[in-house]
Amino acid sequence: MNALGRCLIASLLFGMAATAAPDTAHADEVVLLLNKRNPTKKIPRGKVVSMFLGNTAFWHGVVPVKLVVRGAKTDAGNAFYEPVVQMTGARYEAYWTSRQLAGQGVKPQSADTITRVVELLKKNPGAISFALASEVEGQDLAGVKVVKLP
Amino acid sequence: MEEEAAGWGDLSDFEAEETPIFEARLYGYIDSYFEQVADTPAGVDGNGDTVFESNPYEFDVLNLHAMVQGTIYGKYRFFVNLAAPGSGGVTGDEAIAVRNAWVEAPLLDNLLVVRAGKTYRRFGLYNEILDAVPTFIGIEPPELFDKDHLMLTRTTNLMLHGTAAMSNGYALRYSVATGNDERADRSFPVGADLRLIGGGMFTLGTSFYWTGGDATPSRDVGDGSPRGGVVNWMDRDRYVVFGGYGQLQMSGVIVQAAYWQANHDARRNAESTLALADGDLNQRQLERFFVNGDPMQGVNAEASYAVQTFYIRAGYELAFESGFALIPYAQADFYKNPETVASKDLGGDAEAGITDDGQFWKVTAGAVVRPVPQVAFKVDGSAHIQQFNGESVIYPEIRLSLSYLWELPR
């Protein structure tokens, strides 16, 4: 088999693996995490997209929205960016870099672990983040509340 | 809507939370650049043959930016963007320019925001993000905002803008702006932009600009290419710019397209126009500027003309697990301007101005390589296709750009 043939087969296998991966992630529900002081009980999915794209800047016109995001390659990132925001995690990062360089907002703070997410959410009343439901099970969520993603 | 409102609960305790007075981020990027343009048509010899001139290769730091963006009480935004373009020269130091310096206050949530200072106007896909070189495909800006033949000023002073978020995640973004621009006396220039943003998938929009009366040149003949839409040899100009644009992003594919037209109703300044005769004008330009094509017989004062441009850009992002990304891209640009001339010093563009008919095509192919999201290496090659001395002439150029984003840790 020549190099081109090997390359094509590798691409096919890679493609199959890539399409299989999100199914695994979808099995674990994505939930939204808010600061406990935030009185919001439910957030429409469109509003979530709008917040994470920087198009909604305030909670009910009052408190600034603070995004806390997860890495593009994390399980939570895989389950959130493409299915919800309709961008790959890498493109979402580039989107915010472009906005930041254009003065259209500051890049969201990134947190690697659920512990760090919770820590940041506790500090900021307007903070919002996301996680897999399995990640928050058994965590100390004092100061944080979990809202279902519609 | 009712369901959404019901979800907000009691806000009184929420409002009582303290927000930091000052929050700010300091960041920027460095864009190191190399360009080599092949021999370009420069004139016609005694035998009627085209004469080509060679161009030196060029190293530069095309873009060097330091930016500060922040908020006061989380609501009142500010942005400072300092730049030292072309600071790669070794025989002199470039001055630092203030590209943007503005403050912003929300009047009605995100629905209505007022911005004042020096701001890039919202116009098409690129004007606001041209200082985000590491993030977009391509190295050169679309012809609309090529600094050698700008169709309007890039910055303005007062902008009312807003974003209406829709329940499906889409958003309508709008803006109206005015400022000093190139206005003369009591003219009231107005720019506007309206775009529909379909989540992370598409953007569709239209932009408009009107000088609102007389506008005057930003530079004199001999001082270089104009900084707006009025060319250096005009007494006054009234013009409108309008067009539409779109962007689609889906599964690694990005496609962008735009069309722009500027309609000018201008009057040439006799003295300034006569100064053009010192440059290399072709027969069409001589006949356009001077009575019977002869500078000795006087200047054709009235100038009504249209500038047109459109482009299509497409790329495909191959992203790898390690964070490495490769984005091959292709672009096609068209630009037509019957009024410009060859000499950049006189106020021309050395592109449309050197052609027989004031128009050219530029096709480009290249790739962005991002080993990590903060570093972008771009390489591309272009070919200008145009008419010169009655024949079709193609000349290539190659560019490399290596840009590093930087920011202070939080």
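Biologist: Let's start with the largest cavity: how many residues line it, and which lie nearest its centre?
Modeller: This is a predicted model, to be clear from the start. The lining of the largest cavity is made up of 16 residues, and L150(B), G229(B), V231(B), Y335(B) and N337(B) lie nearest the centre.
Biologist: Which strands each supply at least two residues of that lining?
Modeller: β13 and β14 of chain B each do that.
Biologist: And what volume does the largest cavity have?
Modeller: About 120 Å³. The count of cavities of 30 Å³ or more comes to 4.
Biologist: OK, on to the packing. Which residues touch the most other members in the largest nonpolar core?
Modeller: That core has 49 residues, and F123(B), M151(B), L152(B), W233(B), M234(B) and V241(B) touch the most other members. Several elements of chain B each supply at least two of the core residues, including β1 (22–37), β12 (234–250) and α4 (283–289).
Biologist: Why would nonpolar side chains end up together like that?
Modeller: In soluble globular proteins, nonpolar side chains tend to be buried together.
Biologist: Take V241(B), then. What is it in contact with, leaving aside neighbours within four places in sequence?
Modeller: V241(B) contacts F123(B), M151(B), L152(B), S207(B), F208(B), Y209(B), Q261(B) and A262(B). There is also a second, separate core of 28 residues, with V30(A), M51(A), L53(A) and V85(A) among them.
Biologist: New topic: is T163(B) buried or exposed?
Modeller: Buried, because its relative accessibility is 9% and the cut-off for buried is under 20%. T163(B) is in strand β8 of chain B, which covers residues 155–165.
Biologist: What does T163(B) touch beyond its neighbours within four places in sequence?
Modeller: Its contacts include N55(A), along with N110(B), L111(B) and R173(B).
Biologist: How many aromatic pairs are there over all chains?
Modeller: There are 26. One of them joins Y57(B) and F59(B) edge-to-face, with 5.8 Å centre to centre and 85° between the planes. Y57(B) is exposed at 54% relative accessible area, and F59(B) is exposed at 58%.
Biologist: Which residues in chain A do ring pairs link into a cluster?
Modeller: F52(A), F80(A), Y81(A), Y92(A), Y95(A), W96(A) and F130(A).
Biologist: Last one: where does the charged end of R115(B) sit?
Modeller: Over the ring of W102(B), 3.8 Å from the ring centre. The charged end of R154(B) sits over the ring of Y120(B), 4.2 Å from that ring's centre.

Key: Residues are numbered from 1 along each chain as its sequence is written. Chains are lettered from A and ligands numbered from 1 in the order in which they are written. This is a predicted model: local features need pLDDT of at least 70, side-chain atom pairs count only at pLDDT 80 or more; totals for chains, interfaces and linings use all residues. Side-chain values use heavy atoms; hydrogens and water are left out. A nonpolar core is a set of buried Ala, Val, Leu, Ile, Met, Phe, Trp, Tyr and Cys residues joined through side-chain atoms within 4.5 Å. Buried means under 20% relative accessible area, exposed over 50%, partly exposed in between (1.4 Å probe, protein chains only). Helices (H or I, at least four residues) and strands (E, at least two) are DSSP runs, numbered from the N terminus. Contact means heavy atoms within 4.5 Å. Rings of Phe, Tyr and Trp (its six-membered ring) pair if their centres lie within 6.5 Å; planes under 30 degrees apart count as stacked, over 60 as edge-to-face and the rest as tilted. A charge sits over a ring if NZ of Lys or CZ of Arg is within 6 Å of the ring centre and within 35 degrees of the ring normal. On a 1 Å grid over the protein atoms alone, a cavity is a set of points where a 1.4 Å probe fits but cannot get out, and a pocket is an open set with protein on both sides within 12 Å along at least five of seven lines; lining residues have an atom within 4 Å of a point. Grid points are joined across faces, edges and corners, and a volume is the space filled by probe spheres set on the points.
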